[in-house]
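Subject: Two-chain model for you to look at

Hi,

Here is the model I promised to pass on. Please have it open while you read my notes below.

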Amino acid sequence: MGQNTVSSGTPNRQTGNGPPQGAPTPPPKPIVTPFSLPKLIAVADESLDKVEGNFQAQCADGATRALAFGGDITHGTGGKVPFGEKASDKEDELKKKIMVLPKSFDKTGKAKKEFEEFLKKNSAQTIYTDPDLDKTIAGDENFIAFSDFTLNVPGSKHYNAGRVRIHQVLKTHNWDIRQVNPITGLGTAAFDRGSPVTGSDNYGDGLKIMIDAVAHVLVYVSSYVLYPADRYEITLIFELWDCFGLDDEDIQKFGYKAKMQNQFSENEGFTAWWQLQHQFDYSPLMTKATVTRSFTAKIDP
Amino acid sequence: MSSRNRLAMVIASLLFGAVLAPYYYVALGVVSRLTGPLNIVVPVVLGVSTVILLAAFAAETAPESWLRQRLGRLFGVVSAIVAVAAFVATCAIWDLLVHGAIFIEQYWFYVLESLAIGALAALAVVLFTPASRLERVIAARLSGSSSRNAAYRVVAWSLLAALMVFAGVTIYRFYLAQHPVY
């Protein structure tokens, strides 16, 4: 990791460099922990009933990690539409029908770009990034709650006293970030705010249709400054990984098997998406979003 | 208004609200997203059902008087069957249109939301217009001091209380589900 803690130096009383006797003691100088590469500090994974595939992700800390996914990562030909009815047998018609989804669930145009990328028919999972997506996530209420809770500073809006997160682990290690091992077992963020009826929040900003529940969030620390007397400043990089694809359960919830069975153009759109992925070998994209947040937190005794 | 039965006014507003509730989804353009013949069938059936129910609930109309004269004693049975069929059709279309939201993981919240909007709109009309036929029928059962009237009052209050509890639980679950614990 190549990190060394650099102390900017506390006064050395023995050599007479400290303050004169009787003068007020200056506060200890900040301790900066430099990082040549971001350090992984927390991992949130979506729980899976069955792992169907892995994606080898090149991560911000330079490591390659195998991220596990369910049936949404698979693709191929000859798949049978779960429970029956198809949206169409013709690839061109399916490509038209799928495009109702970004139209219905995104007023910003972000989802349209990702669907168009999907329709380029990649043969293997390719990483999809979009700076506009990163910006939307950075301002999203659920993401802010998730990122606050990842740090879990006492007194903050989303503080949960029952959970051990970055702040609590730092405290255990006497605020020395070099000693902290990655925290696992966090629940992932989900973009499900708003109303599907009126298309508000995540039902209109593209996050529901592009991501919904995030499969994996990797949290890195890229900067850490400790002010021993009272506080620390930390910059966290949140790397969100999600598969832009459908599994059989999705088709049951939103496609043919949905209660009103293809009565709405969106039901058809989901079925068309599933068919393109599992019958016409359109590889799902790997959506990657990166958001950086800086925090200042008080050190509690 | 002081002489009107307030419980009857509330129940009448809820029933009128159920008639109006599907129009919340019509206003949001859900009907236009229906595929195939439903795109035409749904608005036609909904419109006809609404006319029948409003006529049945509001006041006697000229066509109704004419039909009553033509059908005689049979009119009561026919009008009841038609009104029930129109109400069932309205509820079925309401259910269909709620599902038009697709990501409908909290179905009952959206049913209650549209009912509340419809009932509030209906209440505004009920408050400032003379008592409708529906309200008078309900009030006739709820007013009075007989044991039968008392039983109707118990049933009416119990249903209202159950609706309130159900709405409270649904709203609580809706907001809890949208704010996961990480």
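How much area is buried between chain A and chain B, and what share of it do carbon and sulfur atoms give? The answer is about 2500 Å², with 62% from carbon and sulfur; buried area here is the accessible area (1.4 Å probe) that two parts lose on being put together, summed over both. On the chain A side, Val197(A), Gln263(A) and Phe264(A) lose the most area to chain B, together 26% of what that side buries.

Before the rest, some housekeeping. This is a predicted model, so local features need pLDDT of at least 70 and side-chain atom pairs count only at pLDDT 80 or more, while totals for chains, interfaces and linings use all residues. Residues are numbered from 1 along each chain as its sequence is written, chains are lettered from A and ligands numbered from 1 in the order in which they are written, and side-chain values use heavy atoms, with hydrogens and water left out.

**The interface**

Chain A brings 35 residues into contact (heavy atoms within 4.5 Å) with 25 residues of chain B. Between the two chains there are 3 residue pairs in polar contact, both residues at pLDDT 80 or more. A polar contact is a pair of N or O atoms within 3.5 Å; within protein, one must be able to donate a hydrogen and the other to accept it, and residues adjacent in sequence count only if both atoms are side-chain atoms. The side of chain A that touches chain B has 14 nonpolar, 11 polar and 10 charged residues (nonpolar: Ala, Val, Leu, Ile, Met, Phe, Trp, Tyr, Cys and Pro; charged: Asp, Glu, Lys and Arg; polar: the others, Gly among them).

**Arg33(B)**

The count of salt bridges between the chains is 1, and it joins the side chains of Glu266(A) and Arg33(B) at 2.7 Å, N to O. The criterion is a side-chain nitrogen of Lys or Arg within 4 Å of a carboxyl oxygen of Asp or Glu. Arg33(B) sits in the loop between helix H2 (22-27) and helix H3 (38-58) of chain B; helices are DSSP runs (H or I, at least four residues) and strands are E runs of at least two, numbered from the N terminus. A polar atom of the Arg33(B) side chain also lies 2.2 Å from the backbone oxygen of Gly100(B). Leaving aside neighbours within four places in sequence, Arg33(B) contacts residues including Gln263(A), Phe264(A) and Ile102(B).

**Chain B overall**

Chain B has 8 helices and 0 strands, and its C-alpha trace spans about 60 × 45 × 25 Å along the principal axes.

Best wishes
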